[in-house]
Amino acid sequence: MTSLTATPTTVFSVPGNRAAQEPPELRGLRRDGVRLLVGTADAITHTTFAQIGRHLRSGDVLVVNTSATVPGQLDGTRDGIPIVVHVANRLADGSRIVELRTAPNAAEPILDARAGEVIELTSGGQVELLEPYPHAGSSPNGDGNRLWRGCVRVPGKVGHYLARNARPISYGHLQKRYPIERYQTIFAVNPGSAEMPSAGRPFSTELVTRLTEAGIVIAPITLHTGVSSQEAHEAPREEWFEVGVRSAALVNAARTAGNRVIAVGTTATRALESAALPDGTVEARSGWTDLVISPDRPVRTVRGLVTGWHDPEASHLLLVEAVAGAELTQRVYDAAIAGRYLWHEFGDSCLLLP
């Protein structure tokens, strides 16, 4: 696991009422009706996501994540006290990444769990905590363990059990629970993400049609996300990715022609950069990546980014700064705060074209 040796330089404070509490469709908007802030070296522009094509050029490549969200949130008890259990990615030995959070809405992590502890699942079965993941003291400030390698003992196969009994992983900022369909992008075809690759959610079928008619190229990759929210300097965990032959060729052709490669989300950035050679050429690759994009390892291929809004001190901000530069990142976050943009998976978007 690659560790963090840098922290974001972007400084801001998100007011408490800036979390999107429900999907935009339930706020009377289309998927592509959320707000879009476009940041370039010359200007900050406020628009809607449906108008993103006005800021792209024929020949630009949008790299999109095709991973589909799978349910992983369960109710359980710990010493008879209700808790929320997040069952996430399957590891090579068959164990799962597990997170314990407070009931009823997973608002806070539980950091005092112990190896060997057994959590009872309300829907039947148990989760045994085997060891901290990826290592002891890896939670914020080393004050406990947020993630665990766990053995999930349930009737039948774990994936089938989760499909029947689990709900999408969510957190305390949401107004209520929403079905798994609300957590899928239009690109989702390969199940495996513990949480939605949310940067792609504002794309609609109609919007993608308009973009392709205008000469914008869509290059699919896959990265299965783990449980998120590295809010306090936690490095991103290992995640499985795949960059295929065709998408690698599309990206390389765009770079040769002088066109821009724009990643849709930090997940697409991480996958593409995990397949990039030092000169920026992309190879077809798949496997587990522990790459951390930061000043210690700048981007080689990505030259633009579509993303949501990240919390202060989140490790994702290092990636944003690596793509956009610290100065532009600070300007767009200042503008987003002043413009009352909405945060989190159902919130507003940003297009960075440094």
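User: Which residue of β17 stands opposite Leu36?
Analyst: That is Ser349. This is a predicted model, with residues numbered from 1 along each chain as its sequence is written. Local features need pLDDT of at least 70 and side-chain atom pairs 80 or more, totals for chains, interfaces and linings use all residues, and side-chain values use heavy atoms, without hydrogens and water.

User: What makes β1 and β17 (residues 349-353) a pair?
Analyst: Two strands pair if DSSP finds at least two bridges between them, and strands themselves are DSSP runs of E, at least two residues long, numbered from the N terminus. Here 5 bridges link β1 and β17 in the parallel sense, so they count as paired.

User: Why are β2 and β15 (285-289) described as standing at the edges?
Analyst: The open sheet has 9 strands with mixed pairing, in the order β2-β1-β17-β16-β14-β3-β12-β13-β15. Since β2 and β15 each have a single partner strand, one side of each is left without a neighbour in the sheet. On average, neighbouring strands are turned by 20° against each other, direction ignored; axes are lines fitted to C-alpha atoms (for helices, over the stretch in contact), and angles run from 0 to 180 degrees between N-to-C directions.

User: Which strands does helix α6 touch when it packs on the sheet?
Analyst: Helix α6 (residues 326-338) touches β1, β2 and β17, and its direction makes about 150° with that of β1. Contact means heavy atoms within 4.5 Å, and a helix is a DSSP run of H or I, at least four residues long.

User: What lines the second largest pocket, by class?
Analyst: Its lining has 10 nonpolar, 5 polar and 2 charged residues. Ala, Val, Leu, Ile, Met, Phe, Trp, Tyr, Cys and Pro count as nonpolar, Asp, Glu, Lys and Arg as charged, and the others, Gly among them, as polar. Of the 17 lining residues, Val70, Ala88, Arg90, Arg96 and Gly192 lie nearest the centre; β6 gives the largest share, 4 residues.

User: Why is a space called a pocket and not a cavity?
Analyst: On a 1 Å grid over the protein atoms alone, a cavity is where a 1.4 Å probe fits but cannot get out, whereas a pocket is an open set with protein on both sides within 12 Å along at least five of seven lines; lining residues have an atom within 4 Å of a point. The second largest pocket holds about 290 Å³, a volume being the space filled by probe spheres set on grid points joined across faces, edges and corners.
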